[in-house]
Amino acid sequence: MIRKKRCIRAAALLLCLTLLGASAQALTVPEAVELIEKYYVDTIPPEVYQQDTVEGVVEALGDLYSQYYDAQGYQEFLDSMRDTQTVGIGVVMEAHELGARITEVLPGSAAEEAGIRVGDLLVAVEGQELAGMDLNAIGQLLQGEEGAAVTITTQRQNARHVQTLIRRAFTVAATTAELVDGHIGYISCTTFGEETLGHFAEGVTAYDLQVDRWQVDLRSNGGGDVNASVQSAGVFAGAGYLAYLRNAAGEYGVYAREEGALTLDPVVVLTDPYTASASEIFAAAIRDQQQGIVVGERTYGKGVAQILLDETSEPDYFSEGDALKLTAYRMFSSGGVTTQSVGVIPHILVPGVYTQAVADLLCASAPKGDTEGTLRLDMGWRWYIDLEQALSEEYRPAFAQLLSALPESAKLWLGTGGVDGWALFGARGIAEAYELEQDGYTYRGFDDASESSYGQAIDTLATYGILSGGEGSDFLPQTVLTRGELCALLLSALNYHVPDQAMPFSDVEADAEYADAIAACWAAGVVEGYGDGTFRPDEPVSQQALITALGRAAENLTVSFYGASRQGVGEEGYGESLSDFSAWAKPWAWLLGESQRDIFGNTVSLLWTDMEGIVPTADATREQAAALMYTLLRATGILTV
C-alpha cells in the first residue's frame with residue numbers, strides 16, 4: 001500500500017518559525033503588556049513588567065506558544081497553514097541514504113512529463129551528489145524561478161538517468177485524499193487551515209461510495225486553526241459541540257458543527273508525538289464521539305489555544321503588518337477533557353514504525369458469508385483483521401505489535417466459519433496460536449496481576465505503558481506505595497512537563513530514580529514536600545495523600561471536575577463519611593468520591609472502594625493507586641478500555 005504522506009510540511013513550518021527575524025516593530029512594550037493583561041490565560045509573571053523590548057516581554061511569560069511576529073514573519077506564519085505554492089519539478093520526496101526517494105509525482109508537473117516515477121531515487125542535482133544531504137536542502141536545490149532549467153540525476157534499478165527539466169509553479173495541498181485497495185479512504189492532513197474542510201469534504205464525497213473504512217493521518221500535524229479541525233472532525237462525527245475553550249475568567253466558549261456527517265463509515269486516526277493542538281482536538285473528537293479509533297503513538301499534549309492579534313482584531317495596536325500570538329484559552333475536547341500534557345492516548349498504542357501497518361490491518365472489510373480466516377476486534381466499532389494478510393511476511397511484525405497493544409479485557413474473536421461463527425480469544429491466545437513471539441509479540445501486563453482484586457485495572461494500565469513493575473515481571477500489588485512511586489505513576493499517566501529549574505528538594509539528587517517524576521508533579525501542583533525542604537521519596541503514601549494527589553490532578557483534567565472543585569461545598573458541606581479525613585484532604589476526597597453524578601443524578605465515586613472502606617491515615621498500596629488511576633482515566637474518557 002502506498003501512502004502519499006507529505007512529511008515535508010512539518011519541516012517547512014519549522015523553517016518558517018526559525019527564520020522569523022527582528023525588524024522594526026510597530027507594537028510598543030506598554031501596548032504589549034496591555035494586550036497580555038487583557039488576553040493571557042494564566043498568571044502573569046512579575047518579570048514581564050521589567051522588560052524593555054516586546055520580544056523580552058513575550059519571552060518573560062515563559063509560555064512556549066506565545067510569540068511576536070514582525071510583518072514578514074506573520075505572513076510566513078499565515079502561509080504555513082495554507083496549501084503550499086512553490087516552483088520546482090513537482091515531486092514529493094522522503095529521505096534516502098542516496099539522496100531522496102520520490103513518493104509522489106504531481107499531475108501536470110515537469111517531473112511527470114519527463115517520465116519520473118514513484119520509487120525513483122533522486123541522487124544528484126546540477127551534478128551535485130545528494131547522498132547524506134538534508135531533505136530541505138535538496139528541496140531548495142530543486143526550487144528556483146519559473147521557466148528556469150534544472151538538471152537532475154535519477155536512479156531506477158541501479159541505472160542512472162540524467163535529464164534537464166523546466167521548473168513550473170505547482171501547489172502541494174496540505175490535505176489530500178486517495179482510495180487505497182479499493183475500499184479504504186486515506187486522508188493525509190499536515191495542518192488545519194482555511195482550505196482544510198474543503199479538502200476533507202471533497203475527499204469523502206468523492207470516495208465514500210467505495211469506502212468501508214477511513215484513515216486520517218495526523219502524524220506530524222502540529223495543529224493550526226481549531227475551527228477548521230472541529231469542522232473537519234465533524235465530517236465523520238456529525239453535528240454537535242466538538243470543542244470547548246475556557247479563558248482566564250473561567251468563561252467558556254464552544255466550537256460546534258451544524259452540518260451532519262458526510263459518511264457513516266468508521267475512521268482510524270493515525271498519530272505520533274508531533275500530533276499536537278488542533279489535531280489533538282480532531283483525534284479526541286473521534287474518540288469522544290465513538291466514531292472510530294486512534295492508532296499510533298501518544299500525542300504531544302498541547303491543550304491551550306492562542307489568539308492572533310493583528311490590525312484586523314486590534315487596529316489600535318497594529319498598523320504595520322505585525323502581530324502578537326498569545327495563549328488565551330485552555331482547550332477541551334467534545335467530552336470536556338483536556339489534552340494539555342496528557343495528550344491523546346491511542347486506543348491501539350504501538351511504536352511509530354508500525355502505525356501505518358497496524359491501521360491497515362484493522363481496516364479489512366467485514367467477511368461476507370464465512371468468518372473463517374478473520375479476526376474481529378470489538379472496540380467501539382467492529383474491526384476486522386484478515387489473517388492471511390496479518391500472517392504474511394510483510395505484516396507479521398505489525399500483527400505482533402497490534403496484539404501486544406491489546407489489554408486482556410479486549411474482546412478479540414476468531415472466526416470459526418459460517419455467517420456468524422465467532423469464538424472469543426484473548427490477544428495472548430492468538431499470539432501463542434500463531435507463534436508470534438518470534439515476531440515481536442510481548443505481553444505488557446504483569447504475571448501477578450491476577451492475584452489482585454484490581455487485576456483488570458493493573459493489566460490495562462500496564463498495556464498502555466502507565467505502570468512499572470516491582471520485581472521482574474511482577475507488579476507486587478499489595479506492596480505499600482511510596483511517594484516516589486506515586487509521582488512516577490502520575491508522570492506516566494498524565495505526561496507532565498519536567499521543569500528546567502533545579503530540584504526543589506534537598507534529599508532528591510538530580511539523577512535519582514524518581515527525580516524527574518517528583519519535579520514534574522511538584523511543578524504541576526499535585527504533590528508537595530515537607531516544611532524542612534525534603535520530599536522523602538521512600539516514605540509510604542497514606543490513603544488520603546493518594547486521594548489528594550489524584551484529586552488535584554483531576555481538577556484540571558475535565559470541565560466537570562474543574563467546575564465541581566470551584567463550586568465546592570465548604571467545610572460545613574462535608575458529610576459524616578469524610579469525618580476521618582484531614583482538613584487538607586477533604587476537598588479532594590469529596591471531589592473524587594462524592595462530587596460527580598450520573599445521568600440519573602446518582603453519586604458516582606471514583607475511589608477504589610466505598611468511603612467506609614477507606615482508612616485515611618493507613619498506608620496506600622500499589623494496587624489501590626492503580627485502581628484509582630484507572631478509574632479516573634476511564635471516567636474522564638482518556639482511556640476507553
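This is a predicted model: local features need pLDDT of at least 70, side-chain atom pairs count only at pLDDT 80 or more; totals for chains, interfaces and linings use all residues.
A residue counts as buried when its relative accessible area is under 20%.

**Nonpolar cores**
- The largest nonpolar core has 109 residues. Those touching the most other members are Ile348, Leu362, Phe399, Leu403, Leu490, Leu546 and Leu550.
- Apart from this core lies another one, made of 23 residues, including Ala233, Val235, Phe236 and Ala285.
- As background, nonpolar side chains in soluble globular proteins tend to be buried together.
- Leaving aside neighbours within four places in sequence, Leu490 is in contact with Asn495, Tyr496, Cys521, Val526, Val527, Ala549, Leu550, Ala553 and Met629.

**Cysteines**
- How many disulfides does the structure hold? The count is zero.
- A disulfide calls for sulfur atoms within 2.5 Å.
- Cys189 is buried because its relative accessibility is 0%, under the 20% cut-off.

- Four strands line up in the order 21-20-22-23 to form an open sheet, and their pairing is antiparallel.
- Which strands stand at the edges? They are strand 21 (381-386) and strand 23 (421-425). Each has a single partner strand, so one side of each is left without a neighbour in the sheet.
- From one strand to the next, the twist averages 30 degrees.
- Strand 22 (residues 411-417) is joined to strand 23 by five bridges, and the two run antiparallel.
- To find this pairing in the structure, look at Trp413, whose bridge partner in strand 23 is Leu424.
- In general, strands of a sheet pair through backbone hydrogen bonds, either parallel or antiparallel.

**A loop residue: Tyr514**
- Where does Tyr514 lie? Its place is the loop between helix 15 (483-494) and helix 16 (515-523).
- Is Tyr514 buried or exposed? Tyr514 is buried, because its relative accessible area of 18% falls under the 20% cut-off.
- Leaving aside neighbours within four places in sequence, Tyr514 is in contact with Gly484, Glu485 and Ala488.
- Tyr514 and Pro537 are 23 residues apart along the chain, and 7.8 Å separates their C-alpha atoms.

Key. Residues are numbered from 1 along each chain as its sequence is written. Side-chain values use heavy atoms; hydrogens and water are left out. A nonpolar core is a set of buried Ala, Val, Leu, Ile, Met, Phe, Trp, Tyr and Cys residues joined through side-chain atoms within 4.5 Å. Buried means under 20% relative accessible area, exposed over 50%, partly exposed in between (1.4 Å probe, protein chains only). Contact means heavy atoms within 4.5 Å. Two strands pair if DSSP finds at least two bridges between them. Axes are lines fitted to C-alpha atoms, for helices over the stretch in contact, and angles run from 0 to 180 degrees between N-to-C directions.
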